[in-house]
Structures are given as structure tokens and as C-alpha cells.
Amino acid sequence: MAAANPSSPLPGVVAPRRLALPSLAEPARFVVAVLAALTVFGVILLLQGENPLVAYRDIFDTTLRTKYGFSEVIVRMIPLLLCALAVAIPARIGLVNVGGEGQLYIGAWASSWVALTFTGLPAPVMLPMMFLSAVIGGAAWALTPALLRAKGWLNETISTLLLNYVAILFVQYFVYGSWKDPQSANFPQSRTFVHAAQLPTFGDYRVHWGIIFGLVGAGVLFFIFRFTRWGYEMRAIGGNAEAARRSGIPIATYIVMALLAGGAMAGIAGFGEVSAIQGRLRPSVSPGYGFIGFLASWLAGHNPLTIVFMTFVLAVLTAGGDSLQINQGLPFSSVNLLMALTLFAVLALRSKPGGERL
Amino acid sequence: MSTPFAQGVAAGAIRSGTSILYGALGEVIVERAGMVNLGLEGCMLVGACFGFVATAETGNAYIGLIAAALAGGVFNQLFGFLVVTRRANQLASGLTLMFFSLGLTAIVGKDYVGRKVQGLDTWHMPLLSDIRWVGPVLFRGDLLTFGMVPMALAVWYALYRTRWGLSLRTVGENRTAAFAAGLRPERIQYQALFVGGMLGGLGGAHLSLSYAGVWVEGMTSGRGFIAVALVIFASWQPLRAIAGALLFGGAIAFQLQLQARDTSISPFLLDMLPYLLTLLVLLVWGRNRQYQMPQGLTEVFEGTS
């Protein structure tokens, strides 16, 4: 393997380019990465006795070919986009938030609590309250890791990661327990939300207001990162925390606020899922949107505008998982493989500036 | 209800802790070489799946173990390609491989869901296993549970008493210095990943071939991440990992014993215990461990590019 290649063993020394590929422009590299992933996944499909061309045509037909298919891609993109932003904000100051999945679940739980408790409210009061509670819930779930990190006691990567499992169990505790709909015999799920608690969708499609939240959020964050003092100070912390601290930037405050803002974003994703898509709280709110969003943000270099594009691509793949399940009889999670191969190829092909870390 | 509660927890701690210990030992080797592999979760899942499939096909659980170890080692080479050769971000690469594994094992294992196999044999040490209390806890188990302490000792020996271990730790502390001293950092990191992956694969195989005895999609359910956290708790020392694995295994066993005894506490709340305990332990004991961290890791935990 290339391990024996002695060209760049030293961090900090720019290696001579080994492949022609990394010199291509970024978009071209991305296309190459996707094609490479499709090829490898195609071979795996062949080994499973499936015709990859048919499978890919099915994915294409069910996602991008029809208006409805496209709308379903957007439906998947909404939580991915919000969860990716949940990663991008803390990442600006060098924090790794792997807790989007858990923050999404708690956001979903908090807005469900409002929907199931205050059933008499009219929609104009109900929906903002659900939104707000999702924001608070998601942020609250990020609070412990944020405080621990700000104190310098515990790295946020591990804490946010482990809290995901706790959050999912927390939701299950309610859905299997006191919130279980007595009429849904063996299905563990809450009662259906009252109409006022259901976020409106556009036309006959399931695309809902979440896409506005996501796109506006991405735009606002781009503006903040790029043009404001906050963005400037965040970049300073991300670049050299020690220097930033000495120049008087309140690092601990930024750490807490960035993680809370991230948690709030993921919480909003949970709100959209229960309110607009499922209309009730189920034990499985998300098939891993938090994790996929994490990867989307990394692939996009935590740039909010690039994230919009990346989450769209990953949404196509996620929606393609349904097609693989229905048309090829493969388990839904096999789409994780296609997604991972894409990410793998992108990570492998990305040329990094010299002096990258280990 | 014949076994007393404490005995059930103690025996369960060892059984539940086995997979976590092997995973953690693998991660100790990898982190000592200067890498943080969150893909351990995926590595263990690959071991669980391939070990089970090989056992189902050959009818021999020991061939399954070999398959699991090899699969884990090879799987980790993918991580090596990303982070060693291509210098991609380690945390993102690790999570990518976790996804890779989720998808791969779902496809490979789909015809094996619900199949029964003859898993690892349970051995009863003659005479010793009849001792009251201690016998059933310490002297009944399978190859991997009996192998826990010897394996931890072997990893300790390899890291601290061999030239390879010295080179590996040097690379983990400072790649540049290691290179200047004539070592091949990249090659050593790939080797560390292979050995670590074999251990992770064995840990996963213990889940599907002994602990659960079946293959279930995504059956590791965070044990790989717990093992990564455990490495910090163990301050990168193989022998301390044993205590950690037993502690976490104990938390799992404790809640299982409670559930078996029909308490009124919800199983979902009890299931949270191992994760919360991990956090608590890291908080109480992990705080001053950062100073013992291999230098090469500090950048991984503090950088984002």
C-alpha cells in the first residue's frame, strides 16, 4: 500500500502530488468521488445478484425524475440540512458536535410535549410554541457537554456521542410508557397530534416549513461567519484558541453559545419531523439524520452554503435507500454503504493544503 | 431466580465486558500510535457479522473468530488509507467507516438474520468451576472471556517490552521525531490499525457468537464508542482497561439483572445506565488524564480541519 511511500512522512511538509486527480477543481473531484462510489457499490450489488444499472435507474426515477420524487428528496434534506448546521456552528471554533442525533430526538420530544399537553391552542400559538420548545430542548441537550467543555473537564466529542443513545432511550421511555396511544394496540407511538400542531406542508407534497428554516439558517450563518464580529472572533478561536484568549475573546462563552446554537438547530429538525412528517412521536424519529448531517458538514468544510449542496446530494442517496429496499429487496441500511463510499471517496480525493494535521 | 443477584451481576459483568475489553485493547494500540478511531464501532460490527457468517457457513465458531479478526484488521486498513495516507480528518473518517460498516453488514448479513449457530463453547474449568460463588463467575466462560487477562497482558507486553511497541509509541507521541529517528511512521500506523482491528473484530464476534448468539443489524449499539471512552478512562494503559471493561460490563449486567427481576423501573431508563456511567466516570477520573494522552492525539481532539 501507499504506506511505504516515503514522499510525505512529515507533517508540515507539502507532499508532491501523487495523483493527477487532486489537482482538479473541487466540483469535478466531487463528481469523480460520487462516480467512484457508485462503481464500487455497483460491484457489491452485482455480488448480491442485483443489476446495478437497474438499481440506479430506479433510484434516479424515484428521486429526481418526478416532481413527487424530488419533493421527497427535499423532505429528507430538511433534517439533514439543520443537523449539518448543528455541526457547522461549533466547528467554527474547533468543537466537534457529534450529538445532532440526540439533540434532534430531544427537540422532537419537547415539541411533542407541547402538542400533546396544550391540545386546545390555535395553530398560530401552538406552532411557535412547539418550535420554541424544540429550540430549548435541543439546546438543553447540548448544555451539559458545552459546560463540561467550557470548564475544560471533558471533551465534547465523546460526551455528545454518548448522549445520543441516552436521548433515543429517553424518547422510547415516553413512547412505550406514559405517552403511548392506548388505541394503537401494539404500536408504540403517541396519540396523533391535533391539527393545529401539524406544521403546514406545501401543496400536495410533504415538503414543509422546515426547508425555509434550514435555508434561512444557512444564509444567516453564512452572513454571521463572514461579515460580523462574532464570525471574526469565532474564526480567531478556531485558528488559535490561546492567542484568542489572550486578546480578550471570551472563549468559554463562545464554546457554550456555539454548542447551544448547534443543539437548537438539530432540535428544530426534530420539530419538523414529528410535526410535519409523522404527526406524532414515534420511537424512531430519525434514521440517523444527525450522523449524516455531521458528515455533510465536514464534507462542506463547515461552510453553510456548501452544506446546502452537500445535504441535497446526501438526501438523494437517503431517499434512494427506500428505492433499494422496495425494488431490490435490500435492507434500508444498505444505503449507508453507498453514502459511506461517497464520503470515503470525497475524503480520500480531497487535496489538503500542506501542513495538515495527522 | 436461582442465582443470587450479586453473582448474576459479577458473572454478567465479565460476559458483557468481554467485547468491550477487546475493542478497548484494540483502540489502545491505535491511539498509542497517534490515531483516534471512532470507526471502532464499525470494526466491531464487521467482526460480529463476518464472524457469525463464517460460523454459519463452516459450522465452526473458531473459524468464525479467525474470520472476525481478519475482517476487523482489513476493515481498519480503510481507516488507515484515509487518515494515514490521505491525511483526512480522523473523527470524520471514523464516523464514515461506522456508516460503511452499518451498510456493508446489513447487506452481508441479511440472509443470516434469525439463523441459529453453534457459538463458542462454554468451558467449565474442572473442580474450580464448582467452587461456590467464585466458580461460576470466574471459571465458566468461553475462549474469549478466559482470554481477557492474557490478551491485556499480551498487549501490554507488545507495547512496553518490544521494539515494535517502542516504535509505535514514539510515532504516537511525535511523528516527526519518529521519522527523524529512522522509523517509518506510516507503516507502523497501518500495522497498529491492523492489530487493533483484529482485536476489535474479536470483540464484535463475542457479541454475535457468545453473548447474543445471533446476528442482528447494528447489534453493537454504541459498544465501540463506549470502548473508545474507556480508553481515556484507562489512560491508554492496557491493564487498566480490564478494570474499566468490568465496570461497564457490570453496569450492563446490573440493569439486565434488575430487568430480569421484574422491577418497576422502566427498561429504557435502565438501558441508559452504561452510557451515563461512562460519562460520569470520564468526568470524575478522566479530567486529569489529558496529561497522559499521547501527544499525537491532542491535535485530533482540538482541531477541526
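The radius of gyration used here is taken over C-alpha atoms, and the globule rule is 2.2 Å times the number of residues to the power 0.38. With 305 residues, chain B has a radius of gyration of 19 Å, which agrees with the value near 19 Å for a compact globule of that length. The same rule gives 21 Å for the 358 residues of chain A, and chain A comes in at 21 Å, so it is as compact as a globular protein of that length.

A quick word on ground rules. This is a predicted model, where local features need pLDDT of at least 70, side-chain atom pairs count only at pLDDT 80 or more, and totals for chains, interfaces and linings use all residues. Residues are numbered from 1 along each chain as its sequence is written, while chains are lettered from A and ligands numbered from 1 in the order in which they are written.

**The two chains**

Helices (H or I, at least four residues) and strands (E, at least two) are DSSP runs, numbered from the N terminus. A residue is buried if 20 or more other C-beta atoms lie within 10 Å of its own, exposed if 12 or fewer, and partly exposed in between, with C-beta atoms placed from the backbone.

In chain A, 77% of the contacts between residues at least 6 apart join residues at least 24 apart. For chain B, residues 24 or more positions apart account for 77% of the contacts with a separation of 6 or more.

**Where A meets B**

The contact draws 52 residues from chain A and 54 residues from chain B. Several helices of chain B supply at least two residues each to the side that touches chain A, among them α3 (61–85), α4 (90–108) and α10 (185–211). The most comes from α4(B), with 12 residues. By class, that side of chain B holds 29 nonpolar, 14 polar and 11 charged residues. Here Ala, Val, Leu, Ile, Met, Phe, Trp, Tyr, Cys and Pro count as nonpolar, Asp, Glu, Lys and Arg as charged, and the others, Gly among them, as polar.

**The core**

A nonpolar core is a set of buried Ala, Val, Leu, Ile, Met, Phe, Trp, Tyr and Cys residues joined through C-beta atoms within 7 Å. The largest one has 224 residues, and those with the most contacts inside it are A:Leu82, A:Leu85, B:Ala24, B:Leu230 and B:Ala241. Helix α3 (residues 67–92) of chain A gives the most to this core, namely 16 residues. Setting aside residues up to four places away in sequence, A:Leu85 touches A:Gly217, A:Ala218, A:Leu221, A:Met265, A:Pro304 and A:Ile307.

**A helix pair in chain B**

B:Ala241 also turns up where α7(B) meets α12(B), with B:Trp156 and B:Leu159 among the residues on the α7(B) side. The axes of α7 (residues 148–160) and α12 (residues 238–260) of chain B come within 8 Å and cross at roughly 150°. That makes the two helices roughly antiparallel (over 145 degrees). Their contact has 10 nonpolar, no polar and no charged residues.

**A helix end in chain A**

A:Gln328 sits in helix α12 (residues 304–328) of chain A. With 18 C-beta neighbours inside 10 Å, A:Gln328 counts as partly exposed. Beyond four places in sequence, A:Gln328 is in contact with A:Glu50 and A:Ala55.

Definitions and conventions: Two residues are in contact if their C-beta atoms, placed from the backbone, lie within 7 Å. Axes are lines fitted to C-alpha atoms, for helices over the stretch in contact, and angles run from 0 to 180 degrees between N-to-C directions. Angles under 35 degrees count as roughly parallel, over 145 as roughly antiparallel, 65 to 115 as roughly perpendicular and the rest as oblique.
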